[in-house]
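Biologist: I would like to go through this model with you. Could we look at it together, one topic at a time?

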Amino acid sequence: MQIIVRALATGLFVSCLPPLVFKYKKNTGAGFLGTLWGIPIVLAFPSDQMLYLICMLAFWAVAVIVCKKVQFKGYTGHDNPKIVIDEMAGYIAAMAFLPRTWPYMLAAFVLFRTFDTLKPWLVKTFDKMDNAFGVVVDDVAAGLMANILLQIFTIFAIKG
């Protein structure tokens with residue numbers, strides 16, 4: 001069972017690849033790769049907004065459960081860099097109710113990664129939570145911040 005949980009947490013083990021290449025680097029790019037996994041997930045989600053919302057909420061719940069259950073040898077922190085299901089959850093939030101076009105998907109990607117990396121006030125508050133909920137919700141908050149900016153842009157772009 002632990003192998004399935006690890007596979008889900010690590011984006012089918014994609015987050016294990018960067019540390020093999022960059023052994024002495026703190027930020028290996030695993031979060032970037034995890035966010036990339038969010039793209040096919042968003043594309044696979046239903047286009048109906050209500051169904052997207054239901055799938056998104058279900059994904060968030062699964063992500064919290066996976067983060068709570070996953071175990072890695074030799075790591076004692078609550079937010080292991082190998083865990084990238086939280087980045088997937090954040091990117092799904094960033095793309096909620098937006099057109100699935102490459103400009104929006106790229107903008108959501110860049111904004112989400114920026115907020116996830118810089119950790120502005122609300123994101124940092126959740127990041128400090130020492131539990132599985134905090135691991136996921138800080139990324140969801142970063143995704144929602146990106147989404148809000150893109151929604152505002154969409155409103156003004158359509159009116160302009």
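**A helix residue and its surroundings**

Modeller: Let us start with isoleucine 41, which is placed in helix α3. Please bear in mind throughout that this is a predicted model.

Biologist: Is isoleucine 41 buried or exposed?

Modeller: Isoleucine 41 counts as buried because its relative accessible area is 18%, and the cut-off for buried is under 20%.

Biologist: Which residues does isoleucine 41 touch, leaving out those up to four places away in sequence?

Modeller: The contacts of isoleucine 41 are then Phe59, Met88 and Ile92. As for methionine 88, its C-alpha atom is 8.0 Å from that of isoleucine 41, although the two are 47 residues apart along the chain.

Biologist: What part of the protein is buried?

Modeller: Of the 160 residues, 42% are buried. The protein exposes about 9,100 Å², with 72% of that supplied by carbon and sulfur atoms.

Biologist: And what share of the contacts with a separation of 6 or more comes from residues 24 or more positions apart?

Modeller: Such residues account for 72% of those contacts.

Biologist: Which residues have the most contacts inside the largest nonpolar core?

Modeller: That core has 42 residues, and those with the most contacts inside it are Tyr52, Met56, Phe59, Ile85, Tyr91, Ile92 and Met95. Two or more residues each are given by α1 (2–9), α3 (30–44), α4 (49–69), α5 (85–94), α6 (102–118) and α8 (132–159). The largest share, eight residues, is that of α8.

Biologist: What does tyrosine 52 touch, again without residues up to four places away?

Modeller: Tyrosine 52 touches Val42, Phe45, Pro46, Ile92, Met95, Ala96 and Arg100.

Biologist: How many residues of α5 are buried?

Modeller: In α5, 10 of its 10 residues are buried. Among them are the charged residues Asp86 and Glu87, along with Gly90 and Tyr91.

Biologist: Turning to charges, how many salt bridges are found in the whole structure?

Modeller: The search finds three salt bridges. Arg113, Asp116, Lys119 and Asp138 are linked in a network of them.

Biologist: Which partners does aspartate 116 have, and at what distances?

Modeller: Aspartate 116 pairs with arginine 113, where the closest N and O atoms are 2.9 Å apart. Aspartate 116 also forms a salt bridge with lysine 119, with 3.2 Å between the closest N and O atoms.

Biologist: Where do aspartate 116 and arginine 113 lie?

Modeller: Both are in helix α6, three residues apart, about one turn of the helix. As a general point, an α-helix has 3.6 residues a turn, so residues three or four places apart point the same way. Aspartate 116 and arginine 113 are both buried, and the relative accessibility of aspartate 116 is 6%.

Biologist: What about aspartate 138 and lysine 119, how far apart are their closest N and O atoms?

Modeller: Those atoms are 3.3 Å apart in the salt bridge between aspartate 138 and lysine 119. Aspartate 138 lies in helix α8 and lysine 119 in the loop between α6 and α7 (121–127), so this pair ties together parts that are 19 residues apart in sequence. Aspartate 138 is buried, with a relative accessible area of 1%.

Biologist: What is phi for lysine 119?

Modeller: Phi of lysine 119 is near 50°, a positive value in a residue other than glycine. Phenylalanine 97 also has a positive phi, near 60°, and is found in the loop between α5 and α6. Phenylalanine 97 is partly exposed, at 38% relative accessible area.

Biologist: Lastly, the surface. Which residues make the nonpolar patch of about 450 Å²?

Modeller: That patch is made by Met1, Ile3, Ile4 and Leu8. Methionine 1 is in the segment before α1, and methionine 1 is exposed, with a relative accessible area of 73%.

Key. Residues numbered from 1 in each chain as written. Predicted model: local features only at pLDDT ≥ 70, side-chain atom pairs only at ≥ 80, totals over all residues. Heavy atoms only, no water. Core = buried A, V, L, I, M, F, W, Y, C linked by side-chain atoms within 4.5 Å. Buried < 20%, exposed > 50% of the residue type's maximum accessible area, 1.4 Å probe, protein only. Helix = DSSP H or I, 4+ residues; strand = E, 2+ residues; numbered from the N terminus. Contact = heavy atoms within 4.5 Å. Patch = residues over 30% accessible without salt bridge, like charges linked within 9 Å, V, L, I, M, F, W, Y side chains within 5 Å. Areas by Shrake-Rupley, 256 points an atom, 1.4 Å probe, with all protein chains shown as cover. Salt bridge = Lys/Arg side-chain N within 4 Å of Asp/Glu carboxyl O.
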